[in-house]
Amino acid sequence: MNGKSLVLAGQTVHPDHAAMTGILDTSPMLPLHYRIWALSTGGTLLSGVSMFLLGVTLPLVIPRFAMPASSVGMMAAMLMGGTVIGALLGGHLADRWGRKPIMISDMIVLMAAATLAAFAPNATILTQAELLVGIGVGMDFPVASSYLAEFMPQGKRGRMMAASIAIQSIGMLSGAALAILWLQHAHSGDETWRWLLAAEILVVFPYLIGRLSLPESVRWCMGHGRNAEAASILMRIAPDKKMQLQQLAKNLGRKKHHVAKTSPGHHLGLATLFSPEYRRRTLLVTLPWFFMDVATYGIGLFTTILLGSLQDNPLAVSSTLSRDLGNALDSGKVDFFLLLGSLLSLWVIPKLGRIHMQLIGFIGMILGMGLLLDAALHKQGTVNMHYSLTLAGFMLFNLFMTMGPNATTFILPTEMYPTQVRAFGAGFAAAVAKIGATISVFLLPLIQAHWGISAVLALMILVSLLGLGFTWIFQVQGHGKTLEEHHGPEVPK
């Protein structure tokens with residue numbers, strides 16, 4: 001930056017480091033950026049695919065393995081619980097060993113998990129396989145999101161991050177398409193559910209191969225004093241600055257790039273997340289995400305079952321396969337609004353900012369659940385009217401959830417923490433959120449069995465209200481800032 005040092009939070013940032021991050025932030029979008037984005041979406045895509053396919057295969061697996069309600073809840077909870085382990089493990093390892101090695105490792109875990117699930121001989125092995133799927137997905141979420149945020153130009157970061165989490169909706173729709181395709185040709189007692197779970201292998205393999213040739217994160221290299229490697233990677237983005245980058249790397253040597261609200265003398269780790277400088281940010285990125293996932297994963301994983309519970313159609317066919325196919329078709333309809341909301345998020349989040357869209361999204365989720373609760377409590381009127389109201393509630397919930405909190409809770413943790421703890425901070429936030437998801441998917445069948453669908457929907461409204469409230473209380477405005485500027489004194493607490 002013209003030879004001048006950049007001062008952030010009472011620190012002096014070396015001008016050569018500032019020059020290197022400046023190249024990242026001001027770069028035009030290149031084919032390399034789009035390739036990095038595409039290969040960073042593995043966890044979000046598999047999250048959507050695995051969640052939908054498990055929801056569709058459960059009705060087929062339950063009678064096959066004679067599973068009681070508690071075992072059904074446990075299997076779903078293992079998928080979510082695995083993400084808690086994976087998010088904490090993946091984030092920690094990525095901050096220590098680099099983004100790329102962990103992004104490759106988690107795809108290997110997912111390959112093994114999908115294979116185990118497809119060949120599971122009993123409910124116990126299938127449950128363990130779903131735990132492993134959760135670990136792989138959980139590892140990828142904080143690592144890939146941090147990797148993507150650290151590479152994207154500042155003006156495109158929000159849109160590309162929103163596009164990354166939007167792939168989760170693509171995953172759910174892909175799962176719906178696979179389910180409809182297979183169920184249409186299925187026969188009672190066959191192995192259709194195995195083919196559905198095996199399809200995840202085909203999704204994982206291209207990501208595993210593609211990630212082998214990805215570069216390491218420039219910011220991670222700089223944060224660990226590997227400035228020559230960072231400069232070499234930057235030459236792929238700005239080949240015309242090769243001589244300048246070589247000189248910058250020579251000047252920096254092994255000097256570490258440290259930009260944080262805490263001083264360079266402080267060790268950056270778990271304590272950083274709860275230090276006075278970052279406590280408010282940690283509450284912002286954990287509590288709303290926790291409550292959103294209670295609602296999102298609880299409703300999302302059991303959309304197929306909930307649609308069947310809310311319908312009161314005397315013409316409905318009685319066979320398990322036929323009911324499952326009909327509910328999968330209805331799930332595909334409402335899940336289309338997941339994609340629509342995700343596409344809208346690409347425009348509204350960069351325009352209105354993360355916090356505003358998170359607030360708006362929670363309000364829309366509350367309205368959607370309100371429609372569903374009204375449909376559950378008042379079943380007067382025609383069957384078609386009740387059915388339409390039910391679908392409208394799911395559609396409204398999905399639209400606002402993916403347009404707002406589902407995207408913003410994914411983006412915010414990567415911006416709220418410095419490079420040395422970015423993946424761990426994002427992983428910690430994701431882990432807290434997935435604890436909410438685990439609780440939700442485990443308790444939802446039990447709540448539905450004991451108190452009915454109305455109690456489930458009332459709970460979803462309550463947790464959405466809590467997500468809205470905590471977003472408002474702990475909001476941190478940093479719209480339009482670079483990752484380094486997010487940790488400067490000009491960003492309000």
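Select Asp106 and Arg211: their side chains meet in a salt bridge, 3.3 Å from N to O. A salt bridge here is a side-chain nitrogen of Lys or Arg within 4 Å of a carboxyl oxygen of Asp or Glu. Asp106 lies in helix 5 (residues 99–118) and Arg211 in helix 8 (residues 192–211), so the pair ties together parts that are 105 residues apart in sequence. Both residues are buried, where buried means under 20% relative accessible area, exposed over 50%, and partly exposed in between, with a 1.4 Å probe and protein chains only. Helices (H or I, at least four residues) and strands (E, at least two) are DSSP runs, numbered from the N terminus. Side chains of opposite charge can pair when their charged atoms come close.

Before going on, note that this is a predicted model, in which local features need pLDDT of at least 70 and side-chain atom pairs count only at pLDDT 80 or more, while totals for chains, interfaces and linings use all residues. Residues are numbered from 1 along each chain as its sequence is written, and side-chain values use heavy atoms, with hydrogens and water left out.

Now select Glu415 and Arg157. Their side chains form a salt bridge of 3.1 Å, N to O. Glu415 lies in helix 18 and Arg157 in helix 7 (residues 157–184), so this pair ties together parts 258 residues apart in sequence. Both Glu415 and Arg157 are buried.

The relative accessible area is 2% for Glu415 and 10% for Arg354. A search of the whole structure finds twelve salt bridges.

Which residues line the second largest cavity? Select Gly353, Arg354, Ile355, Leu412, Glu415, Met416, Val476, Gln477, Gly478, His479 and His486. On a 1 Å grid over the protein atoms alone, a cavity is a set of points where a 1.4 Å probe fits but cannot get out, and lining residues have an atom within 4 Å of a point. This cavity holds about 70 Å³ of space; grid points are joined across faces, edges and corners, and a volume is the space filled by probe spheres set on the points. Helix 18 gives the most to the lining, with three residues. The lining divides into four nonpolar, five polar and two charged residues. In this grouping Ala, Val, Leu, Ile, Met, Phe, Trp, Tyr, Cys and Pro count as nonpolar, Asp, Glu, Lys and Arg as charged, and the others, Gly among them, as polar.

Move to Asp335, in helix 15 (residues 320–352). Is Asp335 buried or exposed? Asp335 is buried, with a relative accessible area of 2%. Leaving aside neighbours within four places in sequence, Asp335 is in contact (heavy atoms within 4.5 Å) with Phe52, Met172, Leu173 and Asn398. From Asp335 to Met172 the C-alpha distance is 7.0 Å, although they are 163 residues apart in sequence.

At 18% relative accessibility, Gly22 counts as buried.

Finally, show the whole protein chain. Its secondary structure comes to 20 helices and two strands. Of its 493 residues, 61% are buried.

Definitions and conventions:
1 Å grid on protein atoms, 1.4 Å probe; cavity = no way out; pocket = protein on both sides within 12 Å on 5 of 7 lines; lining within 4 Å.
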